[in-house]
Amino acid sequence: MDRLSLNQITTKAWSLPEAVAGCAEAGVRWIGLWRDKVAETGVEETARLLKEYDVGVSSLCRGGFFTGITPEGSPVDGVAQTREAIDEAAALGAEVLVLVVGGVNGDLTSSRQRVADAVGELAPYAGERGVRLGLEPLHPMQCAERSVLSTVDQALAIALEHPADQVGVIVDEFHVWWDPRIEESIAAAAGRIAGFHVCDQKVPLTDTLLGRALPGDGPIDHRHLKACVAAAGYTGPIEVEVFDAELWRRPGGEVLAETIKAYRDHVS
């Protein structure tokens, strides 16, 4: 339980105050925050609640979309928005800002270069504020609209251009468990892993975004991947992050109780 973190998206029906209080009551020491929930409550009030309930922030989600387009196809200044997110992370005591870098805008090669350029611009700014940028590769099925980084290797190639305390990579099981090089890729990321996110994949997969489940309800070998990130030196919080519309319709307390059980039974 010392390392379990509730990623807020798992209990989406809960407000931020409800989620923080729920974690404290259940003995969960960490929470992964989402910026929309922080905006509803306010940065200062969120920081106050975290201190009151003695709950730490494992990460803030999210910055990115450096290719200049949202998943819905709208233009966006990803660099400017991520700079704001870095400031929020610093104010909340979140040492990691998760980056979803954006989908294809133009062609794939130039889109990936825009990501590398943006990270190069933002890394020193983040470092000055004590925030580490966490590049999260997403499954290739989400390359077109959400992330032109599809593997840990691709994320690591950009991260290695910068100091380790400024840029790392996020290992999210849902997105990388399929990769035949995942063990070698995680080993190569030693010292660069900024976060480890766990969940399972629904079978059959009917939704490329929401087709996730609590650990134990799919084919992913959680303990194996946990051992890999541990061997690579990662000892930080482990976030349970589940995008599931059915789960979101249920009371947050029930979902958190099942999250804790799934973590104990299949991860820790």
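Asp-54 counts as exposed, at 68% relative accessibility. Exposed means over 50% relative accessible area, buried under 20%, and partly exposed in between (1.4 Å probe, protein chains only). Asp-54 is not a glycine, yet its phi is positive, about 55°. Its place is the loop between α3 (43-53) and β3. Helices (H or I, at least four residues) and strands (E, at least two) are DSSP runs, numbered from the N terminus.

This is a predicted model: local features need pLDDT of at least 70, side-chain atom pairs count only at pLDDT 80 or more, and totals for chains, interfaces and linings use all residues. Residues are numbered from 1 along each chain as its sequence is written, and side-chain values use heavy atoms, with hydrogens and water left out.

## Other backbone exceptions

Most residues other than glycine have a negative phi, and most peptide bonds are trans. Phe-65 also has a positive phi, near 50°. Phe-65 lies in the loop between β3 and α4 (78-92). Is Phe-65 buried or exposed? Phe-65 is buried, with a relative accessible area of 11%.

Two cis peptide bonds deserve a look. One runs from Cys-61 to Arg-62, with omega near 10°. Arg-62 belongs to strand β3. Another joins Val-203 and Pro-204, with omega about 0°. Pro-204 sits in the loop between β8 (200-201) and β9 (212-213).

## Parallel strands

Strand β2 covers residues 30-34. Four of its five residues are buried, so β2 is largely enclosed by the rest of the structure. Strand β1 (residues 4-7) runs parallel to β2, and three bridges join them. Two strands pair if DSSP finds at least two bridges between them. Asn-7 has Gly-32 of β2 as its bridge partner. Between β1 and β2 the chain passes through helix α1 (residues 16-26), and this β-α-β crossover is right-handed. That is, with the strands pointing away from the viewer, the path from the first strand over the helix to the second runs clockwise.

How many bridges join β2 to strand β3? Five do, and β2 and β3 (residues 56-64) run parallel. Trp-34 stands opposite Cys-61 in β3.

## The nonpolar cores

The largest nonpolar core has 73 residues. Such a core is a set of buried Ala, Val, Leu, Ile, Met, Phe, Trp, Tyr and Cys residues joined through side-chain atoms within 4.5 Å. Leu-33, Phe-66, Leu-135, Ile-186 and Ile-193 have the most contacts inside the largest core. Helix α5 (residues 108-128) gives the most to this core, with eight residues. A second, separate core has nine residues, among them Ile-9, Cys-61, Val-96 and Ile-170.

Phe-66 shows who meets whom. Leaving aside neighbours within four places in sequence, Phe-66 is in contact (heavy atoms within 4.5 Å) with residues including Gly-78, Leu-99, Val-115 and Leu-122.

## The largest pocket

The largest pocket holds about 330 Å³ of space. Its lining has 22 residues, and Ile-9, Trp-34, Arg-62, Leu-209 and Phe-243 lie nearest its centre. The elements that give two or more residues to this lining are α2 (35-41) and β3. Helix α2 gives the most, with three residues.

On a 1 Å grid over the protein atoms alone, using a 1.4 Å probe, a pocket is an open set of points with protein on both sides within 12 Å along at least five of seven lines; lining residues have an atom within 4 Å of a point. Grid points are joined across faces, edges and corners, and a volume is the space filled by probe spheres set on the points.
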